[in-house]
Amino acid sequence: MSAVLEKAPTAERADEQRRSWAAVLALALFEARKLLLRLPVLGMFALYAAWIGWTMRDAWTTYPALQDIDRSTQTGPLLPALAVLLCANQAVLRSRRQDTDRHFDVLVLEPWRRTVAFVLSVVPAVLLTALLVAAQFTWGVLAPGSVGNGSVGELLVGPLTVLLAGSAGVLLARVVKSPFAAPMLLVLAFFSTLFLGAVPGDSNGSATRWLVPVIGDASSKTLPSDLLGRPAVWHALYLFGFALTLALAAVLVNGGRTKTVAAALVVAVGLGTWGAVGQAAKVSRATTDARVLATLNPAKVQSCARHGNSTYCAFPEWLPRTGTWAEVADHVQSLTGGTAAQEKLLVRQRVDARYGMDGDGAIEPSTTPYQVTVGTRWGGPRVPEFAAAVSSVLVMGSEKATESLCDGRMVTIMWLALGWQPDPVTQLRAVRLDDSASGSAIVLSPTNPMSMTAEQTTVVRELLAAGKTTIAPKVKAHWAELTAPKVTTAKVAELLGVKAPAGADKCE
C-alpha cells in the first residue's frame, strides 16, 4: 500500500493561525498583568505619580506656560522605564531560570510568537505612562493663568521612552541569556545619556545629542511656543521607530523569520532613520529670523491692550495676562505723587530669544521713557520684580536711568514696589537675590538688577512696619524731594518720619 500525503485544508490552517494569535494575546495579557504587579514597576509608577504631585504643586500659583509643561512631562517616565526594562527582561528569562524551556515544544506557540507576546505585554505600562503624562499636562492646562500651547510630539516622549525600554529588555533577553545583562545595560544607558547630553553646540542641531530619549534645556526661561525650534515630532518619530526596531529584532532573532516580520523591520528602521535625520536638522531660517525679530523689535509681533491710562503689549499667547500686570502696576502707581500718579506707562513684554533654549541672555534695559519691561514668567518672585521695575521707572523716568542709581531714591522705589503687598517683608525677601531681609543685597528685575545698601534695607523695613496708611500720604506730600537726584537715604528717612540710618549711602 502507498500513503498519499495531502496538504492541510486552507480552512484548517486559517483556524490554526487564529488559535495561535489568540494564544499570543492571552499570553500578552497574562504577562502584562504580572509586569504591572511586579514590585519595581509598582514602586516606580508610585514614585512617578508622587513626583508629578511634587513638581506640579506650584502650578496653580506660578501661571505656567504649556510649552514648558509639555517638556516637564518627559523626565518622570524615566523611572517606570527603568523598571519596565529590568522586569520585561526578567520575564523573558523566567523560563530559563525555572528550567521550563524544554516544555515549550509541546505548546501551540512557536518561540517567536512568545516573543511577540512579551513585547505586547509592555503596552499597558506604556498606556499607563501616557495616562499620567496626560494628567500632568491637564493639571497645567487647568491652572489659573496658564498660557501658551503644548506639543503632541513633546508629550509622546514619555510613553515612547517606556516602550523603548521594554523593547530593549525583551531584545536583550533574547540575545544575552544572563540576568546581569539588563542591569549592565541600565548603567551603560545612564552614562551614554550623560555623555550625549553634554555634547557642546546647538542642541537643536546636534545629531548626537538628540539620540537619547529626553533632551533637557540649558535655559530655564520661557519662550513663545513658535520660537522654541525643538524638533519634537521628529524626535517622537525617531523614538517610535527605534522602539519598533528593537521589538521586531527580538522577534527576528527568536525565529520569526517571516516575510511579514522582515518587511515590518525594514519599515521600522526607515521610520527611526527618518526621525533621526529630521531631528538632526538645524533650526530653520524662519525660526531664527523670528527669534531675532521678537528680541530686537517685539512691537512688530505683539498685540496691545489698554488698561486705565497705560498700554500693555505682549506676545499673542500672553495677551490674556495683561490684566494681571495692570493690577500690579495700578497698585504701585496709586502710591506715587506728583505727575507720576497719572503717568501713561507702556508695559512691554520682552525676552532674549536669539539663542533659543540654549542660553540665558540678559534683557537690556529700555531707554524709552516710561516703558516698563515684563518677562514671560509670572507668579512667585516675578510679581515683586515687576513691581520694582514699575516703581523704578516712575521714580527715575526710564529703565536705563536705574543703572546709575546710588542714593536714597532706592528706598522710595522699594517702598512703592512692596508697600501695597499684604505681606511686604516676604516679598522683600523674594525680590532680593540672597532671599534676605537685612543687609545689602541685589534686587532682581526683569532687566538689569539694582543694588540696595544695608542702610536702605533698614529704612525700607521701618517703612513697611509703619504701614501703608501712615507712609502713603507722606510719600505723596514729599514726592519731589523723595525723587530728587542724589537725595540721601537719611533725608528720605527724615521726610517719611522713620529713624535715619547711621551710615552713608555707598553702592557696592
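The following paragraphs lead through the predicted model, from its overall make-up to selected local features. Local features require a pLDDT of at least 70 and side-chain atom pairs a pLDDT of 80 or more, while totals for chains, interfaces and linings use all residues. Residues are numbered from 1 along each chain as its sequence is written, and side-chain values use heavy atoms, with hydrogens and water left out.

The secondary structure comprises 20 helices and six strands, where helices (H or I, at least four residues) and strands (E, at least two) are DSSP runs numbered from the N terminus. Of the 508 residues of the protein, 48% count as buried; buried means under 20% relative accessible area, exposed over 50%, and partly exposed in between (1.4 Å probe, protein chains only). The protein exposes about 23700 Å², of which carbon and sulfur atoms supply 64%; accessible areas come from the Shrake-Rupley method with a 1.4 Å probe, and for residues only the protein chains shown count as cover. Among contacts (heavy atoms within 4.5 Å) between residues at least 6 apart in sequence, 75% join residues at least 24 apart.

A search of the whole structure finds one disulfide, defined as a pair of cysteine sulfur atoms within 2.5 Å. Cys304 and Cys313 form this link, with their sulfur atoms 2.0 Å apart. The angle about the S-S bond is 105°, and the link is right-handed. Cys304 is partly exposed, at 46% relative accessibility, whereas Cys313 is buried, at 2%. Another cysteine, Cys87, is buried with a relative accessible area of 1%.

Helix H10 spans residues 232–253, 22 residues in number. From its first C-alpha to its last, H10 reaches 32 Å, close to the 32 Å expected; the expected span is 1.5 Å times one less than the number of residues. H10 is followed by Gly255, whose phi is positive, near 105°.

Val141 lies in helix H7 (residues 123–142) and is partly exposed, with a relative accessible area of 36%.

Asp423 is placed in the loop between helix H15 (409–418) and helix H16 (424–431), and is partly exposed at 41% relative accessibility. Asp423 and Leu464 are 41 residues apart in sequence, and their C-alpha atoms are 9.3 Å apart in space.
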